[in-house]
Amino acid sequence: MKIGFVGCGNMASAMIEGILRKGLCAREEIIASNRTEEGNKRSQERLGICVTRDNCKVVKEANTIVIAVKPQYYEEVIKEIRDLVTGKHVIISIAPGKTLAWLEEKFGKPVKIVRTMPNTPALVGEGMTGACANSYVKEVELAGVQAILSSFGKYEMVPESLMDVVVSVSGSSPAYVFMFIEAMADAAVADGMPRAQAYEFAAQAVLGSAKMVLETGKHPGELKDMVCSPGGTTIEAVRQLEKSGFRSSVIEAMKACAAISRKM
């Protein structure tokens, strides 16, 4: 399997590093395109893969193609490469809001497409990706795509109707978590803790808490209750968060995020 990336920014680089780490492909079996020579130099130095400024060359040389450009450039890129895409290719999209139907329309012919939504924790091998495929993708081809997605974290196949929800709950949510960590660190700094130490305490608390949810199988509410002693410090903090509309703020933010995704 030779894999090509049209665009090689942070997300594509994270995917490539995962692929290499898991040994799915050798470096010479991966090709990526950048708009600039500077971008190609950066990709070459960081990843050691084949690079080019020609998107069409990527399609000619690879059979699995990841379109890793920003959503606003998708139509332009598809127009450039669509005549070269054949039945041997599997196209992987990572753009929010671009439906399978929209992608098929832009290619203007039957094309094997897997729509995905990864997130930035892929950069540290802890990504979460939602994916769905059109009817042209064969089972063995989908298994190959799933191997790619699992190389930089976890993945789940979901109905396309849930892909905008995936954007809000995992694609964009690292930003909310980073804000939460920053706010906790700010409070610790306000109470006298050095900033670097505050970030470590806050980030490790979030990491450990997430791991408890995933590994214990317990409901998050049950895990929360385990920390909240009667009349204690934690339940008072929880009371203040609820008083300030913590849950409602998160829910409304995610609903707004999903709404924007549907309009893209």
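**Close-up views of a predicted model**

**View 1. Centre of the largest nonpolar core.** Of the 57 residues that make up the largest nonpolar core, those touching the most other members are Phe-5, Ile-67, Tyr-74 and Phe-107. The element that gives the most to this core is helix H1 (residues 10-21), with seven residues. The model is predicted, and side-chain atom pairs count only at pLDDT 80 or more.

**View 2. Surroundings of Phe-107.** Leaving aside residues up to four places away in sequence, Phe-107 touches Ile-67, Ile-78, Ile-81, Arg-82, Val-85, Ile-91 and Ile-113. Phe-107 is itself one of the buried residues of helix H5, and Ile-67 is a buried residue of strand E4.

**View 3. The two faces of helix H5.** Helix H5 covers residues 100-107, and its buried residues are Leu-100, Trp-102, Leu-103, Lys-106 and Phe-107. These residues lie on the same side of H5 because they cover an arc of only 165° around the axis. Ala-101 and Glu-105 are exposed and sit on the face turned away from the buried side of H5. After the helix comes Gly-108, which has a positive phi, near 70°.

**View 4**

**View 5. Strand E4 and its neighbours.** E4 is covered on both faces: Thr-64 and Val-66 are buried on one side, Ile-65 and Ile-67 on the other. Strand E1 (residues 3-6) runs parallel to E4 and is joined to E4 by four bridges. Within this pairing, Gly-4 has Ile-65 of E4 as its bridge partner. E4 also pairs with E5, again in the parallel sense and over four bridges. Here the bridge partner of Thr-64 is Val-90 in E5.

**View 6. The unit made by E4, H4 and E5.** Together, E4, H4 and E5 form a β-α-β unit that is right-handed.

View 7. The open sheet has eight strands, in the order E3-E2-E1-E4-E5-E6-E7-E8, with mixed pairing. Its edge strands, each pairing on one side only, are E3 (50-52) and E8 (153-157). On average, neighbouring strands of this sheet are turned by 25° against each other, direction ignored. H4 packs on the sheet and touches E1, E4 and E5, and its direction makes about 150° with that of E4. Helix H6 (residues 139-150) lies across E1, E4, E5, E6, E7 and E8 and runs at about 145° to E8.

**View 8. The whole protein chain, for orientation.** The chain contains twelve helices and eight strands. Its C-alpha trace spans about 65 × 40 × 30 Å along the principal axes. Of its 264 residues, 40% count as buried. Among contacts between residues at least 6 apart in sequence, 62% join residues at least 24 apart.

Notes
Residues numbered from 1 in each chain as written. Heavy atoms only, no water. Buried < 20%, exposed > 50% of the residue type's maximum accessible area, 1.4 Å probe, protein only. Arc of directions from axis to C-beta. Pairing = 2+ DSSP bridges. Right-handed = clockwise from strand over helix to strand, strands pointing away. Axes fitted to C-alpha atoms, helices over the stretch in contact; angles between N-to-C directions. Contact = heavy atoms within 4.5 Å. Core = buried A, V, L, I, M, F, W, Y, C linked by side-chain atoms within 4.5 Å.
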